[in-house]
Amino acid sequence: MVRDDGMVSPQGQDDDEAFAEGTITLWANLLTLIGEHLCETGTPRREVLEMLTMLHDTNEATIRSPRARTSASRHLMSVYRALGEA
């Protein structure tokens with residue numbers, strides 16, 4: 001919740017964290033759909049998995065928040081496993 005003075009209350013911090021987690025989950029779901037589509041349209045699964053590995057490396061180098069980096073990594077590993085086992 002944002003107060004009139006522009007400060008974020010403790011409840012607002014929880015909302016921000018929930019928003020960030022939801023965003024990362026949405027991103028992972030979108031990656032899964034894109035990866036499945038690429039595989040269905042002829043892209044070798046190995047290449048799709050290599051793209052996900054490159055994305056992981058980029059995230060590790062660019063996401064400043066350790067918590068967000070860990071969450072993104074966990075979600076990306078789920079996408080990797082889902083596409084690897086499909």
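User: How much space lies in the largest pocket?
Analyst: This is a predicted model, where local features need pLDDT of at least 70, side-chain atom pairs count only at pLDDT 80 or more, and totals for chains, interfaces and linings use all residues. Residues are numbered from 1 along each chain as its sequence is written, and side-chain values use heavy atoms, with hydrogens and water left out. A pocket is an open set of points on a 1 Å grid over the protein atoms alone, where a 1.4 Å probe fits, with protein on both sides within 12 Å along at least five of seven lines. Grid points join across faces, edges and corners, and the space filled by probe spheres set on them comes for the largest pocket to about 200 Å³.

User: Which element gives the most residues to the lining of the largest pocket?
Analyst: Lining residues have an atom within 4 Å of a pocket point. Here they are Asp16, Glu17, Ala20, Glu21, Ile24, Ser65, Arg67, Ala68 and Ser71. Two elements give two or more residues each, helix 1 and helix 3; helices are DSSP runs of H or I with at least four residues, numbered from the N terminus. With five residues, the top contributor is helix 1.

User: How many residues of that lining are charged?
Analyst: Asp, Glu, Lys and Arg count as charged; Ala, Val, Leu, Ile, Met, Phe, Trp, Tyr, Cys and Pro count as nonpolar; the others, Gly among them, are polar. The lining has three nonpolar and two polar residues, and its charged residues number four.

User: What pattern does the protein follow along the sequence?
Analyst: The secondary structure has three helices and zero strands. A strand would be a DSSP run of E with at least two residues. Read along the sequence, the pattern is α-α-α.

User: Is His75 buried or exposed?
Analyst: His75 sits in helix 3. Contact means heavy atoms within 4.5 Å. Leaving out residues up to four places away in sequence, His75 touches Glu21, Ile24, Thr25 and Ala28. Because buried means under 20% relative accessible area (1.4 Å probe, protein chains only), His75, at 15%, is buried.

User: Why does Thr43 count as buried?
Analyst: Thr43 lies in the loop between helix 1 and helix 2. Not counting residues up to four places away in sequence, Thr43 touches Leu38, Val48 and Met51. Thr43 counts as buried because its relative accessibility is 18%.

User: What is the relative accessibility of Tyr80?
Analyst: Tyr80 is found in helix 3 and touches Leu49, Leu52 and Thr53, with residues up to four places away in sequence left out. Exposed means over 50%, and partly exposed lies between that and the buried limit. Tyr80 counts as partly exposed because its relative accessibility is 32%.

User: How far apart in space are Arg74 and His56, C-alpha to C-alpha?
Analyst: Arg74 lies in helix 3 and, at 47% relative accessibility, counts as partly exposed. Arg74 and His56 are 18 residues apart in sequence. From C-alpha to C-alpha, their distance in space is 9.9 Å.
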